[in-house]
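The points are numbered and may be read against the coordinates one at a time.

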Amino acid sequence: MKKSCCCPSVCALWNTSIGKKIIVAVTGILLVGFLIGHASGNLLLFLGQEALNSYAEFLHHMVHGVGIWIARVGILLAFVLHLVATVQLTVANRAARPLEYEKPATVQASRSSRIMIWSGFTILAFVIYHLLHYTVKIQANLANLPPDAEGRFDVYSMVIIGFSSWPATIFYLIAVSLLCSHLSHGIASIFQTLGLRTKRNAGLIQMVGRTLAFLIWAAFVVVPLSVISGLVHLPAAS
Amino acid sequence: MATLNLTLKIWRQDGPHKAGRIETYDAHGIPDDASFLEMLDIVNERIIEQGGEPVHFDHDCREGICGACSLTINGIPHGPEGAVTTCQLHMRKFNDGDTIWVEPFRAKAFPVLRDLVVDRTAFDRIIQAGGFISVRTGSAQDANNLPIAKDDADASFSAAACIGCGACVAACKNASAMLFVSAKAAHLNLLPQGQPEKTRRVLGMVQQMDAEGFGNCTNQYECEAVCPKEISAGFISKLNRDYALAAAKETLT
Ligand code: FES
């Protein structure tokens, strides 16, 4: 245990295999919760400009504008903890078998479960890009977007302009598909790591995990696909 | 009686700190009712006749109860059949002309001693760290004076079926020992006799497991698939739960 530790019990948790996995699971719950919220919010696009822009306005003014920062800091913290813990666990896992089998075999581990670290890194790269794209708004025509008729920030037009290019859409689709793969193993793993999976409910947990992963995937991909196919388009110039 | 002609690719290593290599052996005329270990005995006889060093491998009971035999056969600990140990695996499960890869159980915590023999004393040290109950001996209590629910007794018994062979570690992508540790902990944690030392047991065994250099479980259940005693990965879930409770208890008291 490190000497600089501020809270011995938290450090003890961080320094054991199961403890660190519990942290991965708990931060995983927060991140899945965020994804569900984010995906449902995105679907407001289909209710039109008014619905989406007023929802965005609401998010930015929750608790006098402090709410969004509490959420952002919380999600960032969960994300960083999840990332650091899983990278450390993966490094330890590789070290636990210095010499691989000459003839390796897999009996029942799913493909998703075996690429978790790579799907995770892709999500990390995507999140950085995605934040630069839509939160920092490095794309000039997004940064200088005129406000909507009510004088609010025009999220609706931002999404449509942002997804009008094929490269952005393709990267988005790849990242969200890997996210779905990550969740299809990750959600069920939360239950196992927190000790809630039993022989009896194992099948149900796997089904719930995969279904939820698929629903999140569907809710995310439907947005850029609708934009690029022209199903949803910019409001008539006002 | 049918016989098989096989090609074996066997890991040979002269000592713990020597470099190993795969060597190829021709195993012809193997009776199909031989067990896998008997097949190796036949191959070894031939090696000895030719003045070579026989292939070293672990074995003891040869009836699937002691956990001494090991071997990763075509990448799968105890071979392809499922729910059997290597000593119970029969050659009729293979086909004439097959090439069979035979490697030791691979894990940092299971160093190779020679050829296919690995040092599994890390498991003993995990047991010493809490996989026991402390009782006063000498005055046996009346039989059946501790009521135990049938479900608990059954669950405990199915955990106690673990023979400590280490196949779970060998199969795990991360060389994790969670299935073994969870079975050994659950076996006692499920019974009234295991309650007094439960917290200490769980924390101690997990700590020792980490110290031995086993990997971390990533919930892929390869262990469960190869376990010759079909120990359920549900016990790993139970160990995670028991660990969280034990850690909380230790922090609060
Ligand atoms: S030799 Fe005893 S279990 Fe195989």
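1. In chain B, Glu81(B) and Lys93(B) are joined through their side chains by a salt bridge with an N to O distance of 3.5 Å; the term stands for a side-chain nitrogen of Lys or Arg within 4 Å of a carboxyl oxygen of Asp or Glu. Both Glu81(B) and Lys93(B) lie in the loop between strand S4 (76-77) and S5 of chain B, so the pair ties together parts that are 12 residues apart in sequence. Glu81(B) is partly exposed, at a relative accessible area of 36%, and Lys93(B) is likewise partly exposed, at 44%. On this scale buried means under 20% relative accessible area and exposed over 50%, with partly exposed in between (1.4 Å probe, protein chains only).

2. On provenance, this is a predicted model, in which local features need pLDDT of at least 70 and side-chain atom pairs count only at pLDDT 80 or more, while totals for chains, interfaces and linings use all residues. Residues are numbered from 1 along each chain as its sequence is written, chains are lettered from A and ligands numbered from 1 in the order in which they are written, and side-chain values use heavy atoms, with hydrogens and water left out.

3. Two further salt bridges of chain B deserve a check. The side chains of Glu53(B) and Arg114(B) meet in a salt bridge at 3.7 Å, N to O. This pair links distant parts of the chain, 61 residues apart: Glu53(B) is in the loop between helix H1 (36-49) and strand S3 (72-73), and Arg114(B) is in strand S6 (residues 112-114). Helices (H or I, at least four residues) and strands (E, at least two) are DSSP runs, numbered from the N terminus. Glu53(B) is partly exposed at 40% relative accessibility, as is Arg114(B) at 29%. In the other pair, the closest N and O atoms of Glu23(B) and Arg21(B) are 2.8 Å apart. Here Glu23(B) has a relative accessibility of 27% and counts as partly exposed, and Arg21(B), at 31%, is also partly exposed.

4. How many salt bridges does the structure hold over all chains? The total is 14.

5. Chain B is divided into domain 1 (3-114) and domain 2 (121-252), with bounds that come from an automatic or database domain assignment. The centres of the two domains, taken over C-alpha atoms, are separated by 29 Å. In contact (heavy atoms within 4.5 Å) are 18 residues of domain 1 and 19 residues of domain 2.

6. The two domains of chain B bury about 1300 Å² between them, 66% of it on carbon and sulfur atoms; buried area is the accessible area (1.4 Å probe) that two parts lose on being put together, summed over both. Ala83(B), Ala109(B) and Phe110(B) supply 35% of the area that domain 1 buries against domain 2, more than any other three residues. Between these domains the count is 0 salt bridges, and the rule finds 1 residue pair in polar contact, both residues at pLDDT 80 or more. A polar contact is a pair of N or O atoms within 3.5 Å; within protein, one must be able to donate a hydrogen and the other to accept it, and residues adjacent in sequence count only if both atoms are side-chain atoms.

7. Between the chains, 48 residues from chain B and 38 residues from chain A take part in the contact. Chain B and chain A bury about 3500 Å² between them, with 52% of it on carbon and sulfur atoms. The interface has 0 salt bridges, whereas 32 residue pairs are in polar contact across it, both residues at pLDDT 80 or more. Elements of chain B that give two or more residues to this side are strand S5 (99-103) and helices H4 (167-171), H6 (198-211), H7 (222-226) and H8 (234-252). H8(B) gives the most, with 9 residues.

8. In chain A, Val222(A) lies in helix H10 (residues 202-228) and is partly exposed, with a relative accessible area of 30%. Leaving aside residues up to four places away in sequence, Val222(A) touches Leu43(A) and Phe46(A).
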